[in-house]
Amino acid sequence: MNILTLLIIIPVITVIAIMFSKDLKQARVVSAIGMGIQLGVAIFLMFSYLAARKAGDTTEMLFFQDVMWFKSLNIHYTIGVDGIAVAMILLTGIVMFAGIFASWNMEFLSREFFISLILLGTGVFGFFISLDLFTMFLFYEVAVIPMYLLIGIWGSGPKEYSAMKLTLMLMGASAFLLVGILGIYFNSAPQGGALTFNIIEIAKVQIPVEAQRLFFPLTFVGFGVLGALFPFHTWSPDGHASAPTAVSMLHAGVLMKLGGYGCFRVAMYLMPEAANEMAWIFIILTSISVVYGAFGAIVQKDLKYINAYSSVSHCGLVIFALLMMNKTSMDGAILQMISHGLMTALFFALIGMIYGRTHTRNINEMGGLMRVIPFLSVCYVIAGLASLGLPGLSGFVAEMTVFVGSFQHADTFHRVVTVIVCSSIVITAVYILRVVGKILLGPIIDEHHQHLTDATWTEKISTVTLILAIAAIGIAPLWLSNIISDSLTPIIDRLTLLGH
Amino acid sequence: MNIENLFLMRHELLLIAFAMVVLFLEVSWGTKSKTPIINISIILFGIITLIGFVPAETGSLFGGSFVLDNIRIMMKNVLNIGVFIILLQASYWLRTDDLKTRISEFVILMISTLIGMNFMISSGDFLMFYLGLELATIPIAALAAYDRLRNRSGEAGIKLILMSALSSGILLYGLSMIYGTTGSIYFDEVATRISGNGLQTMAFLFFFAGMGFKIAIVPFHLWTADVYEGAPVSVTSYLSVISKGAAIFIFTIVMFTVFKNLAAIWHNVLYASILLTITVGNLFALRQQNLKRFLAFSSISQAGFLLLGVIGGNQMGMASIVFYVLVYIFSNLAAFGVVGAISNITGKENIDDYNGLYHTNPKLSLVMLIGLFSLAGIPPVAGFFGKFFLFMAAAEKGLYILVLLAVINTIISLYYYLLVVRAMFLVKSDTAIPHFKNDTTTRISLLLCVAGIFVLGLASFFFEYIRELSFGM
């Protein structure tokens, strides 16, 4: 069997196994085993991908498989991965694995929780391996809809409101996406021949420019909403703040990356002329996302809101870098996706763990936690430093690459927006250090916080997995960067050659 | 014409024979309890449904007024499947004390309307079409008033019969104009003689209005909510699925064949009515508390989506309509099945009554969830595929703006479907409906629906098969 199909089958089998489990203990063990195997497969995929490339296989997509599904409409189940997809799959594997351990004590309706969580993961894995727009869209929606139940049932705060808002905004985005995909499909054979949903096939033809002008914005915005593109980012703070820990991790860590991934894999890759024409509009919007998100994080008092706004800022940077359309910046964009995915998952995991102990997320009600829960506090500092771009951790590598790449443009417009976006680094430092100073250092404010217990072994597994990954990227960035940049070549070629 | 030709009418003849058998059973049963009649009917009807799938020859009868081709056979089979599930779901309700003496009455009335619909679908001229339509309509009014001890049921019946009479009158007026201007009632001849002059355009509009009543297209939808709420659940599900499906089938055929020369005109008419139907249906559904009314308005909006297949006028359009009706039967009957089961046991029909249902009746809630997701078009269930293909059919003609507005409407519909999901899963309630066990027939019907919802979309065979049989303008 194709190793990629395995990535869908393992979660589905895990879900079926959880259905037969009796209580929380069984459900969480089954989930952990299932997602452990899944992570193993993802790592194995990474190494076999590297081996294949080393052996000189230069086809665009590896582990390619094509099965006819709806013959008369030319809909296929087409799967295959390049370096970018492999990296994203590995990221998803790590975050899923950490997420299961972060929700080890989910007492209420535990079976249903793990089933929904893993179904969501199935959608994400399916999305990253799909090369057919139809199946890609199908998996996109599979990844979004469990969020409603996950936030609505197990969330906190105004959970029903947040769940409904998030679901409707993301599904609304998929409405634009659907029309965009149909438009691409019906223009996929301008010289006659069979219409197709296959991304690789469509990339060989040129969609008429008038059609591109119509469908590029639809597709781009459709994916952009999931990537928290201003002004469609409002689902993100509410959704992340209300979601239970594992869901926040998975959503900010992985699901938001679906947006960025779709933006370049579908919208920009297939419609390069329109992408070049309209990039300036979206560059302005993403610049606003980056700066506005960072400022938003400064004024928030709730830890989750701070991190949610920080996600808006960082994910804005991903799309910003993609729109710069040169190799360095796009390389940085992918690195930023992975780096932010790991870092924000770590943040949300830690926030969940701290909240589980202090029963508050308000930064004014906490202080001096470093003395009582040193392990979690140190982890929090590491996550913070990665977020503000300290050299040696993943955030630095990503942001540095992005800004170097975007400053390569010689014209005033690109230079100015780059400078503006660069300022977000300073703002990020402000809100990260403010939180660290307030809740971790200083005197202990609340009497009840004197006797908190430090991390349990499951929490340690969850956090250490993520920290190791963050440090690995920070110390040996070229390893990851090489995998990515080879795979970027066809996309960059199409964007620069056809576009000018 | 010889005796073999009659096999072309096998669907209709089998149904007539079936109705006779049930009538005979009723008369000869004597004074004993008549409840076994429903089980016998279900088994017999199941066999008839299966026989419908046996391949046989096609052709036409009575000088072209009765036509049978493969897509029409498929349409009849689709309706048969729906009626079979409805009989299963009605079984428990029919065996309650008030009604158990009148079971055969219900079955015979329902089969009569089905016979009418079959004739209507197979019609090759306007006379057969009209006869079928009336045969399909009048027994439904009796069915709506079936629960005669309840005032609302009677009210539903009288509203339905009055509205049907009015719409039939309008429809007939249109047909008379068509005869007047073309000198024929046969579909083939009329199609070649329609040139699009003023009177023919008017005739088309009358025809459209008449059919609009049957399909419940806005602005001809006002009867639906009251009738759906008043009628018994089984009849409501019959009205919203089978009746609507049959009307949209023949509507598609007539539009694609008879009125194809008027395409320029009906394109605009449909464009406007699709947008109105989807939007108004959705906006009214948002405010409903009673689940039957809620499903009534949601079914209006679903009819609007079905019309997206008509406006394309292509093979893909007809295929996606037949496929979506099939999917819609399973999805809507899953939802109605749960509503009916709960209403039979507890008499509760409001969304608030469903608060916390998942904690007491997890299986029923899951069936409802799957049914609603399929209605909303969420993957991986069949509703997603059905809606996607309808959108494809319209997009093939370049109607991207219409498709965009329709897809945005599916998001609105998702909102109100999620309201029910919210009540069942999110809200905690001390007064939740207590746990109860359903009888076997209800469980079988719900299981069938869920299986259908999953299989129809993921297995491409069904859509491919329907598409091969379909035709375009």
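Student: What ipTM does the predictor give the complex?
Tutor: Keep in mind from the start that this is a predicted model, and that its confidence values come from the predictor. For chain B the mean pLDDT is 89, and 100% of its residues reach 70 or more. For the complex, the predictor gives a pTM of 0.93 and an ipTM of 0.91.

Student: Which element gives the largest share of the side of chain A that touches chain B?
Tutor: Begin with the contact itself, in which 24 residues of chain A meet 25 residues of chain B. On the side of chain A, the elements that give two or more residues are strand S1 (62-70), helix H5 (133-144), helix H6 (146-154) and helix H7 (159-186). The residues on this side divide into 16 nonpolar, 5 polar and 3 charged. The largest share, 12 residues, comes from H7(A).

Student: Why is H14(A) described as largely enclosed by the rest of the structure, and how many of its residues are buried?
Tutor: The 32 residues of H14(A) should span 46 Å at 1.5 Å a residue, and the end C-alpha atoms are 45 Å apart, which agrees. After this helix comes A:His359, whose phi is positive, near 60 degrees. H14(A) is largely enclosed because, of its 32 residues, the number buried is 28.

Student: How are H5(B) and H10(B) oriented to each other, roughly parallel or roughly antiparallel?
Tutor: The axes of helix H5 (residues 126-144) and helix H10 (residues 233-257) of chain B come within 11 Å and cross at roughly 170 degrees. Residues such as B:Phe129 and B:Ile140 in H5(B) take part in the contact, as do B:Leu239 and B:Ile250 in H10(B), and the residues of this contact divide into 9 nonpolar, 1 polar and no charged. Since an angle over 145 degrees counts as roughly antiparallel, the two helices are therefore roughly antiparallel.

Student: Are H17(A) and H19(A) roughly parallel or oblique to each other?
Tutor: Their axes come within 7 Å and cross at roughly 45 degrees. The contact is made by A:Ser394, A:Phe396 and A:Val397 of H17(A) with A:Ile470, A:Ile473 and A:Gly474 of H19(A), and these residues divide into 4 nonpolar, 2 polar and no charged. Angles under 35 degrees count as roughly parallel, whereas this pair crosses at roughly 45 degrees. H17(A) and H19(A) are therefore oblique.

Student: Does B:Ala165 count as buried or partly exposed?
Tutor: B:Ala165 lies in helix H6 (residues 151-182) of chain B. A residue needs 20 or more other C-beta atoms within 10 Å to be buried, and is exposed with 12 or fewer. With 14 C-beta neighbours inside 10 Å, B:Ala165 therefore counts as partly exposed.

Terms used: Residues are numbered from 1 along each chain as its sequence is written. Chains are lettered from A and ligands numbered from 1 in the order in which they are written. This is a predicted model: local features need pLDDT of at least 70, side-chain atom pairs count only at pLDDT 80 or more; totals for chains, interfaces and linings use all residues. pLDDT is the predictor's confidence in each residue, from 0 to 100. Two residues are in contact if their C-beta atoms, placed from the backbone, lie within 7 Å. Helices (H or I, at least four residues) and strands (E, at least two) are DSSP runs, numbered from the N terminus. Ala, Val, Leu, Ile, Met, Phe, Trp, Tyr, Cys and Pro count as nonpolar, Asp, Glu, Lys and Arg as charged, and the others, Gly among them, as polar. Axes are lines fitted to C-alpha atoms, for helices over the stretch in contact, and angles run from 0 to 180 degrees between N-to-C directions. Angles under 35 degrees count as roughly parallel, over 145 as roughly antiparallel, 65 to 115 as roughly perpendicular and the rest as oblique. The expected span of a helix is 1.5 Å times one less than its number of residues.
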